[in-house]
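Here is a short briefing to read alongside your structure. Take a moment to open the model, then follow the topics below.

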Amino acid sequence: MFLAIRELKHSKLRYLLIGLIMVLVALLVFIISGLANGLSSDNASSIQNMKADYFVMEHDSKNKLNRSIISMEKLDEIRASSDVKAAEGLGQMMITLNKVGSSEKTDVTIFATNASGILAPKVIEGTNYDNKKQGEVVADSSLKEVGYKLGDSLKDDLSGKVFTIVGFTEKQSYSHSPVVYMNVKGWQEINPALKNQGNDSISTIAVQMDSKAEENVRESLPEDLTLISKDESLQSIPGFKEEQGTLTMMIAFLFVIAAFVLAVFFYVITLQKTNQFGVLKALGANTSFLAKSIVGQVMLLAVACIAISVALTYGVTLIMPEGMPFELSTNLVIKYSLLLLVVSVLGSLLSLYRVAKIDAIEAIGRVS
Amino acid sequence: MMGDKLLFENVSKIYGEGDNKVTALDNISLNVRAGEFVAIVGPSGSGKSTFLSIAGALLSPSKGRLLLNDEDITSLSPKKLTRVRLEKIGFVFQSSNLVPYLTVRDQLLLISELIGKRDKKTMKKADELLSHLGLGHRADHLPEALSGGERQRVAIARSLMNDPEIILADEPTASLDSKRGRDVVEMLAHEVKSRNKAAIMVTHDERMLDLCDRVVNITDGKVFG
């Protein structure tokens with residue numbers, strides 16, 4: 001560190017410039033991962049927050065909730081299994097609702113489930129819907145932001161049914177649309193695929209169970225049903241995989257860019273100092289002393305830049321517009337900070353290799 | 001013989017193999033005693049640099065033995081040679097051999113840092129050496145603020161920092177005018193005498209030779225004189 005710190009102090013501009021690049025790259029990493037997280041929860045918080053570990057789907061549905069139809073009888077069969085802690089049926093569909101007495105239209109996702117079951121929404125305002133009474137719904141609080149309030153009536157144009165908002169819940173969205181909860185009967189009546197059949201059906205069965213029991217339960221299912229994990233069901237939400245994939249790829253590239261920018265910078269500087277390193281080696285500096293000096297510089301620089309980026313990131317979140325889907329957990333910040341640090345040190349390996357190759361004898365007989 | 005700080009015994013250095021074989025040093029024997037200041041002269045390509053590299057434990061000889069302070073260093077590993085250079089040899093190189101971002105005092109303290117004990121004592125030693133060489137007022141300056149002569153004086157101070165057995169100077173006057181060059185060599189000679197060190201200076205500057213105890217001529221890898 002003797003050399004590292006003194007050189008950083010001496011060549012301020014040079015290290016300031018590379019530091020600036022590092023700060024920007026790290027800032028971008030944090031902001032994009034915040035956005036990725038925010039979008040993921042904006043997209044699928046209803047599934048992420050659901051108290052379920054697995055979902056039973058119709059085999060031909062390709063894991064898509066809106067295509068899956070399962071007979072209600074199957075729910076009792078699954079509940080009877082000793083591996084299953086709890087299970088509940090869920091009906092899902094996406095519709096456009098009209099606000100009665102206004103031209104306002106809103107796209108929502110309907111979740112239909114037992115109002116007292118494990119999937120029932122946590123009501124934060126008003127009351128829960130009734131399992132028997134028709135026409136009551138509990139809506140995600142994001143509907144409040146677009147002007148809905150308790151007691152408002154919503155009409156489904158397709159079926160002509162009218163629903164009243166009796167309560168609000170929070171953090172419930174699916175495929176970027178707010179979720180509206182109702183009882184299963186109501187859902188069966190507005191679902192065009194079901195209403196003429198009169199069958200008692202649902203879309204999926206959410207299951208709480210140990211991951212160890214996965215194989216057992218899967219094998220016990222009839223052929224036309226399949227079992228998927230919560231994570232797999234997230235991946236099958238329309239657009240979820242693509243959205244997250246794009247952002248994840250950007251983050252991965254930023255890590256690669258950070259490594260290369262630092263690698264090139266320190267490599268060029270090391271090449272420039274070949275003669276100097278030769279003299280130092282002749283004086284008796286071994287390669288590990290010089291290596292520590294370079295890695296020390298990279299670490300100091302990286303730690304300072306990452307710290308500045310983290311501070312800037314939290315500063316940026318303060319001035320972000322209200323509805324911006326942005327979520328950054330401390331855990332993730334720490335994880336990515338450490339990863340950036342590791343990547344930075346990896347970037348300096350090229351310089352270390354170069355330094356190891358420098359021969360002390362270059363110090364002798366050289367006019368420069 | 002006791003009292004020899006550096007002893008070359010039938011040392012040869014051969015580069016390459018077969019048809020490309022080049023004999024840089026051919027069976028050289030030479031000794032340098034404590035308090036002796038030896039000049040090595042010779043045309044370019046004569047093997048002066050190779051000689052200095054071997055004397056400075058930067059290069060191992062192909063044949064023969066090399067004794068530093070009665071210790072055989074001929075077949076030490078590169079790692080051990082680095083340690084020998086650090087603890088027993090002082091170097092004064094040509095012009096740009098100071099680390100550009102270290103102050104004059106830090107140039108000296110770097111040696112203590114490398115040895116692994118940088119403390120108040122070495123700090124005091126560095127300041128003493130600097131004021132002794134007339135650089136006390138320059139201790140906090142960077143090399144870029146110094147004149148060529150001052151830089152070489154810093155290099156001399158640095159070479160004394162590890163209290164070496166022998167000081168090796170590689171054309172220390174190469175970038176200096178004759179007046180300043182002479183000052184630097186006089187200072188080096190004075191330090192060698194007063195501290196009873198051995199010193200070898202490779203030079204092509206014949207005007208400096210009267211300051212040396214002995215002049216050794218190397219031509220085509222052979223020693224004369």
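Predicted model: local features only at pLDDT ≥ 70, side-chain atom pairs only at ≥ 80, totals over all residues.

Residues are numbered from 1 along each chain as its sequence is written, and chains are lettered from A and ligands numbered from 1 in the order in which they are written. Helices (H or I, at least four residues) and strands (E, at least two) are DSSP runs, numbered from the N terminus.

**Chain A overall**

- Chain A holds twelve helices and 13 strands.
- It is divided into domain 1 (2-44 + 241-363) and domain 2 (54-209), with bounds from an automatic or database domain assignment.
- The C-alpha centres of these two domains of chain A are 48 Å apart.
- Chain A has a radius of gyration of 29 Å, whereas a compact globule of 368 residues would be near 21 Å; the radius is taken over C-alpha atoms, and the globule rule is 2.2 Å times the number of residues to the power 0.38.
- Along the principal axes, the C-alpha atoms of chain A fill a box of roughly 100 × 50 × 25 Å.
- Of its 368 residues, 38% count as buried (20 or more other C-beta atoms within 10 Å of a residue's own; exposed means 12 or fewer, and partly exposed lies in between, with C-beta atoms placed from the backbone).

**A covered strand in chain A**

- Strand E6 (residues 136-140) of chain A is mostly covered, with five of its five residues buried.
- E6(A) runs parallel to strand E8 (residues 162-169) of chain A, joined by five bridges; two strands pair if DSSP finds at least two bridges between them.
- E6(A) also pairs with strand E10 (residues 177-182) of chain A, in the antiparallel sense over two bridges.
- Val138(A) has the bridge partner Gly167(A) in E8(A) and the bridge partner Tyr181(A) in E10(A).

**The open sheet of chain B**

- Four strands of chain B form an open, antiparallel sheet in the order E2-E1-E4-E5.
- Its edge strands, E2 (22-33) and E5 (71-72) of chain B, each pair on one side only.
- Eight bridges link strand E1 (residues 4-15) of chain B to E2(B) in the antiparallel sense, and Leu7(B) stands opposite Asn31(B) in E2(B).
- Helix H1 (residues 48-55) of chain B lies across E1, E2 and strand E4 (63-68) of chain B, at about 125° to E1(B); axes are lines fitted to C-alpha atoms, for helices over the stretch in contact, and angles run from 0 to 180 degrees between N-to-C directions.

**Where the chains meet**

- In all, 24 residues of chain B are in contact with 21 residues of chain A (C-beta atoms, placed from the backbone, within 7 Å).
- On the side of chain B that touches chain A, H1, helix H2 (78-88) and helix H3 (104-115) of chain B each supply at least two residues.
- The largest share of that side, five residues, comes from H3(B).

- Most residues other than glycine have a negative phi.
- Asn27(B), in strand E2 of chain B, has a positive phi of about 50°, and counts as partly exposed because it has 15 C-beta neighbours inside 10 Å.
- Asn196(B) has a positive phi of about 55° and sits in the loop between helix H6 (178-195) and strand E8 (198-202) of chain B.
- Asn196(B) counts as exposed, with 11 C-beta neighbours inside 10 Å.

Notes
Contact = placed C-beta atoms within 7 Å.
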